[in-house]
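Please look over the sequence and the model shown here, and keep both in view while reading the walk-through that follows.

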Amino acid sequence: MFGVILATVSAICLFIYKEITFIPTYFYKDERKKILVARKNLRDISSSFLKILGINVEVIYKNKEEFEKIDRKKGIVLVANHQSNFDIPVILTGINFDLGFVAKKEMEKWPFFYRWMKRGKYIFLDRSNPREGIKNIRKAVEIVKEGYPTVIFPEGERSLTGKIGNFKKGSFKLATDTNGIIIPITICGAINIQKRGSVAVKRNQKVKLIIEKPIDISILSEEEKKNLNVDIKNIIMKNFEE
């Protein structure tokens, strides 16, 4: 219970502080600059939030040099397994990108996070309505092509046990339609902070992020693109089990 109270109070304080510092952006004429500031602010909030809770994020790169050479203005899609509500702050803390996410539509009801996610051009996916879901993915493709790196969780929902579920093929339209760079990410341990269906928040946990080598989708064959959901899942599972 103390973890929940600490998380709530900390979040409120952090969001109020960042809300004040965001005021000057209302005078920006450059919309892109405003979006990047919003994304950076949410990354700062996430990092501070996890520090307060004693969450340690260890980042392991399979090829850090290649990762750091990526042109961030290219269409970059990061694909991760989904363990917890804390996956988003964990990824934002561990990866030094000003990232956006394809998040579940239900997060529009999160009073603090939603405000910043909307400012940062996040996409809220309606999983209950296939037609709207397709529109959401198309919109996400446009955002990625504009040079805003975006994360998607192709399982579609958090794991109940921590085991990795099926990767929905439709989720990979974001990557294949962008025809840019895809980066597989493996999350290990976030489920220990907060499990699906529970409000309890456990402090002082360790989470590991394994960043796989970037994959250039533009050089893949049509057959490889068709099997992308299976191949990426296998990469993430291999790193999860190591």
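The paragraphs below go through pockets, aromatic contacts, salt bridges and a few backbone details.

This is a predicted model, in which local features need pLDDT of at least 70 and side-chain atom pairs count only at pLDDT 80 or more, while totals for chains, interfaces and linings use all residues. Residues are numbered from 1 along each chain as its sequence is written, and side-chain values use heavy atoms, with hydrogens and water left out.

The largest pocket has a volume of about 620 Å³, where a pocket is, on a 1 Å grid over the protein atoms alone, an open set of points where a 1.4 Å probe fits, with protein on both sides within 12 Å along at least five of seven lines. A volume is the space filled by probe spheres set on the points, the grid points being joined across faces, edges and corners. Lining residues, defined as those with an atom within 4 Å of a point, number 31 in the largest pocket, and the closest to its centre are Leu125, Arg127, Phe153, Gly156 and Ser171. Helix 4 (87-94), strand 3 (100-104) and helix 6 (130-145) each supply at least two residues of this lining, helix 6 giving the largest share with five residues; helices (H or I, at least four residues) and strands (E, at least two) are DSSP runs numbered from the N terminus. By class, the lining of the largest pocket comprises 12 nonpolar, eight polar and 11 charged residues, with Ala, Val, Leu, Ile, Met, Phe, Trp, Tyr, Cys and Pro counted as nonpolar, Asp, Glu, Lys and Arg as charged, and the others, Gly among them, as polar.

Helix 4, one of the contributors to that lining, is mostly covered, since seven of its eight residues are buried, a label that means under 20% relative accessible area, as against exposed at over 50% and partly exposed in between (1.4 Å probe, protein chains only). The buried residues of helix 4 are Asp87, Ile88, Pro89, Val90, Ile91, Leu92 and Gly94.

The second largest pocket holds about 510 Å³ of space. Of the 20 residues that line the second largest pocket, Phe49, Phe86, Trp110, Phe113 and Gln194 lie nearest its centre, and helix 1 (residues 2-21) provides the largest share of the lining, five residues. Here the classes are 13 nonpolar, five polar and two charged residues.

Aromatic side chains come next. The whole structure contains 10 aromatic pairs, in which rings of Phe, Tyr and Trp (its six-membered ring) have centres within 6.5 Å, planes under 30 degrees apart being stacked, over 60 edge-to-face and the rest tilted. Tyr61 and Phe67 form a tilted pair, with 5.1 Å from centre to centre and 50 degrees between the planes; Tyr61 is partly exposed at 23% relative accessibility, whereas Phe67 is buried at 6%. Elsewhere, ring pairs link Phe22, Tyr26 and Trp116 into a cluster. Charges also sit over rings, a contact that requires NZ of Lys or CZ of Arg within 6 Å of the ring centre and within 35 degrees of the ring normal. Arg32 lies over the face of Tyr148 at 4.5 Å from the ring centre, and the charged end of Lys33 sits over the ring of Tyr28, 4.6 Å from its centre.

The structure holds 15 salt bridges, each a side-chain nitrogen of Lys or Arg within 4 Å of a carboxyl oxygen of Asp or Glu. One of them joins Asp44 to Lys40, with the closest N and O atoms 3.0 Å apart, and both residues lie in helix 2 (residues 31-52), four residues apart, about one turn of the helix. An α-helix has 3.6 residues a turn, so residues three or four places apart point the same way. Within helix 6, Lys135 and Glu132 are three residues apart, and their side chains meet in a salt bridge (3.5 Å, N to O).

Lys62 is partly exposed at 36% relative accessibility, while Glu242 is exposed at 56%.

Finally, two loop residues deserve a look at the backbone. Lys121, in the loop between helix 5 (113-119) and strand 4 (123-125), has a phi near 60 degrees, a positive value in a residue other than glycine. Asn204, in the loop between strand 6 (181-188) and strand 7 (206-211), likewise has a positive phi, near 55 degrees, and counts as exposed at 55% relative accessibility.
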